[in-house]
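Please walk me through this protein structure.

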Amino acid sequence: MFDAQGRLIACEGANTGGGRRISITTGIEGEKDGTARTLADRYDGKRFNSPNDLAIDGQGRVYFTDPRYVGGESRELDFEAVFLVSPAGDVKIATRDVTKPNGILVSTDGRTVYVADNNPQGPRHLTAFTVKADGTLGDKQVLFDFGTGR
């Protein structure tokens, strides 16, 4: 996804040498460097599971899902969550109130974050969370239960 400055923000998952990070690449729109660097690759000193999908809000905060479906690399986090990266690069948990977060979207007004919880052995829900002042997520609402399907 591109941020307001035209930089490419990408999830680099696990498996087959994935970076297990959120990267930021400059030089996409008219610049010449094309340099990719790590925006975030750890929470509390531990590597992410497998960053999968992301969304950027109007304040430049990056929300991303961190499930683990595949990949033989050792897991350092014993949970899956939605994380939040501030424009300064600070990382915090946005919510752990999902079991296997996958797709994510921020509403245009920035007040709601939608997350697909896609656990083959558990909930398969489309959820909506309200965004708190600090960017973390609260007040979960299940919008649709996919049951055992997808």
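Two strands pair if DSSP finds at least two bridges between them. Strands (E, at least two residues) and helices (H or I, at least four) are DSSP runs, numbered from the N terminus. The model is predicted: local features need pLDDT of at least 70, side-chain atom pairs count only at pLDDT 80 or more, and totals for chains, interfaces and linings use all residues. Residues are numbered from 1 along each chain as its sequence is written, and side-chain values use heavy atoms, without hydrogens or water.

Start with the whole chain. The protein chain has 13 strands and 0 helices. Its C-alpha atoms fill a box of roughly 50 × 40 × 30 Å along the principal axes. Of its 150 residues, 43% count as buried (under 20% relative accessible area, with exposed over 50% and partly exposed in between; 1.4 Å probe, protein chains only).

Now take strand E8, residues 81-85. All 5 of its 5 residues are buried, so E8 is largely enclosed by the rest of the structure. Both faces are covered. Ala81, Phe83 and Val85 lie on one side, Val82 and Leu84 on the other.

E8 has partners in E7 and E9. Strand E7 (residues 62-66) runs antiparallel to E8, joined by 5 bridges. Here Tyr63 has Leu84 as its bridge partner. Strand E9 (residues 91-95) is also antiparallel to E8, with 4 bridges between them. Val82 stands opposite Thr95 in E9.

E8 and E9 form a hairpin, with 5 residues between them. In the turn, Gly89 has a positive phi of about 95 degrees.
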